[in-house]
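Me: I've got a model open and would like to talk it through. Can you take my questions one by one?

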Amino acid sequence: MNTFSKLTLPALLLIALSGCMTAQEHRQEIADDSADKLTVGVVQKEINIGMSGGEVAAILGSPNIVSTDENRNEVWIYDKISTEFVHSSSSGGVSSLILGFGSDVLGGVGGSYNKQAGASSKSQKTLTIILKFDDEGLIRDFAYHTSRF
């Protein structure tokens, strides 16, 4: 093996492996932490009558909908829908347990018993928060609703 080959192979492996990311790393890459702020617990703990819109925005972020009521006072609506998908799987084979390697190494000789099993579940959660402001721009009333199905 010449010097070029000795340097090229490790360099290619390093480049190929550096492009690999775990699922957790992908999730962190695309994560939007603004959704984490919006929970029932945060609303119950942090939101109070008399707070200003700026204080609310600092806690919950920007609302999804801004509207007005019959008195022309602002109404802020936060509407969050999230989907959680969980998948678990496992697989195994008899040949790899007995021989220490798969039957593919033996050219298919010896046979094998391979089994794959898995399960998945999907659920959705909703959270709606409605904040009503008075004519001074302070919260005069608020309500929230959450569901999971």
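Me: How many salt bridges does a search of the whole structure find?
Reply: The search finds 1 salt bridge. The term stands for a side-chain nitrogen of Lys or Arg within 4 Å of a carboxyl oxygen of Asp or Glu. Bear in mind that this is a predicted model: local features need pLDDT of at least 70, side-chain atom pairs count only at pLDDT 80 or more, and totals for chains, interfaces and linings use all residues. Residues are numbered from 1 along each chain as its sequence is written, and side-chain values use heavy atoms, with hydrogens and water left out.

Me: Which residue does R140 form a salt bridge with?
Reply: R140 pairs with D69, and their closest N and O atoms are 2.6 Å apart. Helices (H or I, at least four residues) and strands (E, at least two) are DSSP runs, numbered from the N terminus.

Me: And is D69 buried or exposed?
Reply: D69 counts as buried, at 11% relative accessibility. R140 is partly exposed, with a relative accessible area of 37%. Buried means under 20% relative accessible area, exposed over 50%, and partly exposed in between (1.4 Å probe, protein chains only).

Me: Where does N73 lie?
Reply: N73 is in the loop between β1 (65-68) and β2 (74-93). N73 counts as buried, at 12% relative accessibility. Not counting residues up to four places away in sequence, N73 touches S67, T68, F133, D134 and D135; a contact means heavy atoms within 4.5 Å.

Me: New topic: how many aromatic pairs are there?
Reply: The count comes to 1 aromatic pair. W76 and F133 form it, 4.8 Å centre to centre with 55° between the planes, which makes it tilted. The rule takes rings of Phe, Tyr and Trp (its six-membered ring) whose centres lie within 6.5 Å; planes under 30 degrees apart count as stacked, over 60 as edge-to-face and the rest as tilted.

Me: Which strands do W76 and F133 lie in?
Reply: W76 lies in β2 and F133 in β3 (residues 114-133), so the pair ties together parts that are 57 residues apart in sequence. Both W76 and F133 are buried.

Me: OK, how many residues are in the largest nonpolar core?
Reply: That core has 14 residues, and those with the most contacts inside it are I47, V56, L60, Y78, I129, L131 and I139. A nonpolar core here is a set of buried Ala, Val, Leu, Ile, Met, Phe, Trp, Tyr and Cys residues joined through side-chain atoms within 4.5 Å.

Me: Which elements give two or more residues to this core?
Reply: α4, α5, β2 and β3 do. β3 gives the most, with 4 residues.

Me: Tell me about I47. Where is its place?
Reply: I47 is in the loop between α4 (40-46) and α5 (53-60). I47 is buried, with a relative accessible area of 1%. Leaving out residues up to four places away in sequence, I47 touches V42, V56, I59, L60, L131, I139 and F142.

Me: And what is V56 in contact with?
Reply: Apart from neighbours within four places in sequence, V56 contacts I47, M51, G61, W76, Y78, L131 and I139.

Me: Which residues are buried in α5?
Reply: G53, V56 and L60 are buried there. They cover an arc of only 60° around the axis, which puts them on the same side of α5; the arc is that of the directions from the helix axis to the C-beta atoms. The face of α5 turned away from its buried side carries the exposed residues G54 and A58.

Me: What follows α5?
Reply: G61 does, and its phi is positive, near 90°.

Me: Last one: how many helices and strands in the protein chain?
Reply: The chain has 6 helices and 4 strands, in the pattern α-α-α-α-α-β-β-α-β-β along the sequence. Buried residues make up 17% of its 149 residues.
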